[in-house]
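Here's a quick briefing for anyone meeting this model for the first time. Have a look at the sequence and the structure, then read on.

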Amino acid sequence: MTVPQKRVETRIDPYVDAYASRTRGLKASAVRALFAVANRPEVVSLAGGMPNIADLPLDVVGSLVSELISTRGPQAMNYGSAQGEEPIRQQICQVMALEGIEAAADDIIISCGSQQALDLVTRTFIDPGDVILAEAPSYVGALGTFAAYQAQVVHVPMDDQGIIPEAFRQATVAARAKGRQVKFLYTIPNFNNPSGILMTLERRQALLAVARELDVLIIEDNPYGLLALDQPPLPAIRSMDHDQVIYLGSFSKTFAPGFRVGWALAPPAVLKKLVLAQESATLCPPVFSQFVISAYLSNWDWQGQIVKFRDMYRSRRDAMLRGLEDHMPDGVTWTHPKGGFFVWATLPEGLDADQLSARAASYRVAYVPGTAFYADGLGSRNMRLSYCFPTPERIYEGTRRLGEALREEMGLRATFGLVRSTKRDQSTAEIVGASHQLGGAS
Ligand SMILES: Cc1ncc(COP(=O)(O)O)c(C=O)c1O
């Protein structure tokens, strides 16, 4: 009788020698790793950035989908153009006009969310070792894409007005002096993820002036621009220049992310390359999703819906700011976003947001530690607190729990002595003058 062999599990990946070198820089997103804790019902999650879709007119969307299938199903469920469908590209021109952009449907390519537009742009421009300048802190998903193409990310500091143009200039000059190619500057001018900072109009103009002078492309990533909560949206940087800017937009925050429809608006020569890249990546972006969103834009008061979204997110933002005011211990500071989804908090010196997250989980509250948003280990005293998903009451309760966790941590440190973080320990308020070095690659 043969004894069945027990499969021996090894912890070593047998394929390790076969992987492409570009996979070495890839790591699980900090946000994803947190979901196991953050998704438990007893935990108030200030971690995820999920929009609150429940406030969409779901019955209306349901009827649009059903009518679409019965009237144009075979077309809507077939392959389409790699550039995306013409009608939705026309409608996107009207969406972008709200932020002062004049564009033609021909200059737009549809992508699977703006995340894929980031991927297409990065694969089109980046050879391993090329420099991408990225405002600090930056969207974790963009940093992941830049790492996947082996770019060298050099952070450019922001203050409460947005990227500091002079720091952008210095970073470009320093990289070029080292013989490096600076391929583009990445910025989220409206309600930066994670800091919530809004770049002022003057800064947009000054940044563009430096970009033109030094001939550096700007990637303007703008998923949150229409979710301005306290004032009308500012003109996009792309509205001031057609050639120096590649603009990325998305329906994820103003409609729903599950359809995965975003876009890039690029100068004609770049657009041709992006279409080729899209062809090899997906053949075409999801046709059905484009048809649904197109029908929604034609048949529903989508601008009125955005106003409703603003009211809903404003009450959540206000609940968070009230909660922080009421519950944070002395020494903690935070941004006061005028839109978007996020508040960026800075802990007193000696505290480490990565370490604190386990204690916060025991108080049943979750956030994303700041280090996720830097390519170079900064951000250990920062936390991203999102107010987009839980109800205002839960958000307020979350800040109360966070305050308790922080007080306990601070009490322990006062009793046993302050343990300094071993990492570089800077906050947004202090990142002015942060390093522009090229790290190990210099
Ligand atoms: C700044 C920024 N860019 C891009 C994205 C990707 O969005 P999507 O791919 O859903 O359009 C996000 C998502 O949260 C984001 O915050």
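Is Leu118 buried or exposed? Leu118 is buried, because 23 other C-beta atoms sit within 10 Å. (A residue is buried if 20 or more other C-beta atoms lie within 10 Å of its own, exposed if 12 or fewer, and partly exposed in between, with C-beta atoms placed from the backbone.)

A word on the ground rules. Residues are numbered from 1 along each chain as its sequence is written. This is a predicted model, where local features need pLDDT of at least 70 and side-chain atom pairs count only at pLDDT 80 or more, while totals for chains, interfaces and linings use all residues.

**Leu118 and its surroundings**

- Leu118 belongs to helix α4, which covers residues 113-125. (Helices are DSSP runs of H or I with at least four residues, strands are runs of E with at least two, and both are numbered from the N terminus.)
- Setting aside neighbours within four places in sequence, Leu118 touches Ala142, Thr145 and Leu248. (Two residues are in contact if their C-beta atoms, placed from the backbone, lie within 7 Å.)
- Leu297 is 179 residues from Leu118 along the chain, and their C-alpha atoms are 24 Å apart.

**Helices α4 and α5**

- The axes of α4 and α5 come within 10 Å and cross at roughly 30°. (Axes are lines fitted to C-alpha atoms, for helices over the stretch in contact, and angles run from 0 to 180 degrees between N-to-C directions.)
- α4 and α5 are therefore roughly parallel to each other. (Angles under 35 degrees count as roughly parallel, over 145 as roughly antiparallel, 65 to 115 as roughly perpendicular and the rest as oblique.)
- The crossing of α4 past α5 is right-handed. (That's the name if the near helix is turned clockwise from the far one by less than a right angle, and left-handed if anticlockwise.)
- On the α4 side you'll find Gln115, Leu118, Asp119 and Thr122, which meet Gly141, Ala142, Thr145 and Phe146 of α5.
- Sorted by type, the residues of this α4 and α5 contact are three nonpolar, four polar and one charged. (Ala, Val, Leu, Ile, Met, Phe, Trp, Tyr, Cys and Pro count as nonpolar, Asp, Glu, Lys and Arg as charged, and the others, Gly among them, as polar.)

**Around the ligand**

- There are 14 residues around the ligand, and Gly113, Ser114, Gln115, Ser250 and Ser252 come nearest. (A residue is near a molecule or strand if its C-beta atom, placed from the backbone, lies within 6 Å of it.)
- Helix α4 gives the most to this shell, with three residues.
- The shell splits into four nonpolar, nine polar and one charged.

- Helix α6 (residues 165-177) packs against helix α7 (residues 201-214) at an angle of about 20°, and their axes are 9 Å apart.
- That angle makes α6 roughly parallel to α7.
- α6 and α7 make a right-handed crossing.
- In this contact, α6 brings Pro165, Phe168, Arg169 and Thr172, and α7 brings Arg203, Ala206, Leu207, Val210 and Leu214.
- The α6 and α7 contact counts six nonpolar, one polar and two charged residues.
- Helix α10 (residues 302-327) and helix α12 (residues 392-416) have axes that come within 8 Å and cross at roughly 25°.
- α10 and α12 are therefore roughly parallel too.
- α10 passes α12 in a right-handed crossing.
- Residues in the contact include Ser315, Arg316 and Ala319 of α10, and Pro392, Ile395 and Tyr396 of α12.

- Most residues other than glycine have a negative phi, and most peptide bonds are trans.
- Ala136 and Pro137 are joined by a cis peptide bond, with omega about 0°. Pro137 sits in the loop between β3 (131-136) and α5 (140-148).
- Asn193 and Pro194 are also joined by a cis peptide bond, with omega about 25°. Pro194 sits in the loop between β6 (182-187) and α7.
- Asp215 isn't glycine, yet its phi is positive, near 55°. Asp215 is in the loop between α7 and β7 (217-221), and it is exposed, with 9 other C-beta atoms within 10 Å.
- Leu283 has a positive phi near 70°. Leu283 lies in the loop between α8 (268-282) and α9 (287-299), and it counts as exposed because it has 11 C-beta neighbours inside 10 Å.
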